[in-house]
Amino acid sequence: MALKELYEQICVGQNLRANLIELKKQLRETEKQNQFREISGENYDRIMKCLADDDPKVRKNAAAVLGVLQVQGAVDVLMDAWEAEETLFVRADYILALAGLDCESYMDAFHRRLEALRAYDAPENEKKHIQAEMAALQELIFKKEGLKKHVFSGYHRPNDVILTTLPAFREALAADLPFQKTALKSGMRTTVSDMSIVQTSRLWQEMLFVLNGGRNLSTRTDLPDKSDNNHAFVREREYFPMRPELLAGELKKSDLLAVLTENHKGEPPFFFRVGLSGSIPKEERSDFAKKTAAAVERAFDGRLVNSVSHYEAEIRLIVNREGGVKPFLILFTLPDHRFSYRKFYVASSMRPQTAAGILALAKPYLKEYAQVLDPFCGVGTLLLERRFAGSVRSAYGIDTYGEAIQKARANTRLTGMPVNYINRDFFDFTHEYPFDEILTDMPDVSGERGQTDELYRRFFEKSAGLLAERGRVFCYSREMSLVKKHLRLSGRFRLLAEFCILEKSGAYLFVLEKK
């Protein structure tokens with residue numbers, strides 16, 4: 001239905017529920033919002049009158065429309081309707097509408113209502129709607145008053161953590177940690193007494209704070225391997241059932257709050273979100289996360305506040321195949337500047353932790369003050385990590401994808417490291433002097449197998465021509481058979497080492513030397 005017809009029918013009170021729902025749907029587009037403002041002459045009196053309609057869904061959708069259109073003149077009407085509203089599922093929509101308007105004069109009312117809802121022991125049939133209103137109020141308050149986040153101060157507090165990494169990088173990560181540690185399938189567990197040391201290691205992906213107490217929430221050392229979701233080796237009895245209230249109760253018994261308060265300046269509340277990983281269907285994730293977050297808020301009496309956009313910490317729930325849950329804590333207040341250069345990337349970009357791990361494995365084979373070339377450089381991650389791994393005389397990156405080259409240059413400017421990027425085909429590239437190292441993540445070629453085979457043949461041939469005597473190739477590839485085939489057919493290289501990086505995808509690092 002056209003916007004003009006919708007407006008005319010709403011003005012005469014015709015089929016209000018359906019017309020408001022359709023209007024709200026169309027107003028998702030900015031262009032339609034501007035059209036409606038012109039059609040209505042910005043006269044929204046009839047829509048505001050819908051806030052007093054007997055049908056709660058009419059009231060709900062009218063509030064949403066006023067919010068989308070940011071009708072400042074509706075503030076007092078929305079406030080009156082919200083305070084008078086007795087249908088719980090409608091109340092959050094008034095707050096969502098008010099959040100986009102100048103309503104600062106009502107902040108005391110919002111705070112009072114939020115405190116009252118936190119203290120209210122809602123029956124089961126009301127919990128969903130009470131939680132929705134609380135979340136809307138909290139987000140409105142954040143938006144209007146801002147959020148003063150806590151500052152991490154626990155650099156020398158002994159913290160029991162798990163540093164996740166790929167199995168291929170575990171030993172290198174262990175060498176970075178001068179603390180007592182235990183090797184896990186997913187990384188290393190250690191008690192950190194100097195957080196600044198951990199922050200210099202480029203090999204870990206996530207830092208999970210272990211929670212102790214209650215029923216020993218996450219004290220077992222064999223954390224599931226997130227890379228392959230292989231959770232079967234952890235016994236089911238060491239996991240909690242997927243019951244939000246039970247889980248929240250156990251978290252309250254644990255040292256969760258102590259980990260937060262003792263690692264930060266300032267008092268509660270702390271703002272958190274719930275994250276899930278492991279064996280849980282996508283369609284169940286959101287519902288379980290919401291219910292768990294609500295249960296945690298109730299259990300901690302306002303000292304922990306759920307926020308999907310202003311969180312300082314994440315309660316990470318790892319779910320095994322039997323449906324058991326194990327909680328950990330991730331802190332976003334702890335600065336991590338290890339890869340601050342990587343502002344820009346493309347879909348095929350390698351993760352910087354993976355690039356750092358590859359260079360850690362390659363380090364015994366790297367040359368001091370090498371002249372380095374990456375023929376398929378993408379956004380430059382491997383080249384930049386090569387410079388972090390050791391001294392480089394000169395570095396060149398080549399790629400046919402212009403957008404990637406532009407992003408590589410932007411990323412590199414942030415490091416202050418000199419790298420020469422060239423937007424061209426590697427197989428047309430020439431250089432006045434040979435390179436000591438060729439370092440690259442081999443591209444995945446879509447199409448027939450023969451095209452991939454030809455790429456590898458040409459790569460070996462071209463690399464041999466560009467490398468100095470005894471120059472080395474560090475090739476990250478998911479095509480082991482093709483690497484071995486053309487290594488043999490070329491006859492120009494010897495294999496010095498190979499490392500399995502991702503067994504599931506067949507990704508290997510090959511270290512080759514020119515004969």
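Q: What makes strand S11 and strand S14 count as a pair?
A: In this predicted model, S11 (residues 370-374) and S14 are joined in the parallel sense over 2 bridges. Pairing requires at least two bridges, so the two strands qualify. Within this pair, Val 372 has Glu 437 of S14 as its bridge partner.

Q: How do you know that S14 also pairs with strand S15?
A: S14 and S15 (residues 467-477) run parallel and are joined by 6 bridges. The requirement is at least two, so S14 and S15 are a pair. Asp 441 stands opposite Tyr 476 in S15.

Q: Why is strand S14 called mostly covered?
A: Buried means under 20% relative accessible area, and 7 of the 7 residues of S14 (435-441) are buried.

Q: What puts the buried residues of helix H2 on the same side?
A: The buried residues of H2 (16-26) are Leu 16, Asn 19, Leu 20, Leu 23 and Gln 26. They lie on the same side of H2 because the arc they cover around the axis is only 125°. An α-helix has 3.6 residues a turn, so residues three or four places apart point the same way.

Q: What covers the buried residues of H2?
A: The cover includes helix H1 (3-11), helix H3 (30-40), helix H4 (45-49) and helix H5 (56-68).

Q: Which helix gives the most to the lining of the second largest pocket?
A: Helix H14 does, with 9 residues. The lining has 27 residues, and among those nearest the centre are Lys 290, Lys 291 and Ala 294.

Q: How do the residues of this lining divide?
A: The lining of the second largest pocket has 11 nonpolar, 6 polar and 10 charged residues.

Note on methods
Residues numbered from 1 in each chain as written. Predicted model: local features only at pLDDT ≥ 70, side-chain atom pairs only at ≥ 80, totals over all residues. Heavy atoms only, no water. Buried < 20%, exposed > 50% of the residue type's maximum accessible area, 1.4 Å probe, protein only. Helix = DSSP H or I, 4+ residues; strand = E, 2+ residues; numbered from the N terminus. Arc of directions from axis to C-beta. Contact = heavy atoms within 4.5 Å. 1 Å grid on protein atoms, 1.4 Å probe; cavity = no way out; pocket = protein on both sides within 12 Å on 5 of 7 lines; lining within 4 Å. Nonpolar A, V, L, I, M, F, W, Y, C, P; charged D, E, K, R; others polar.
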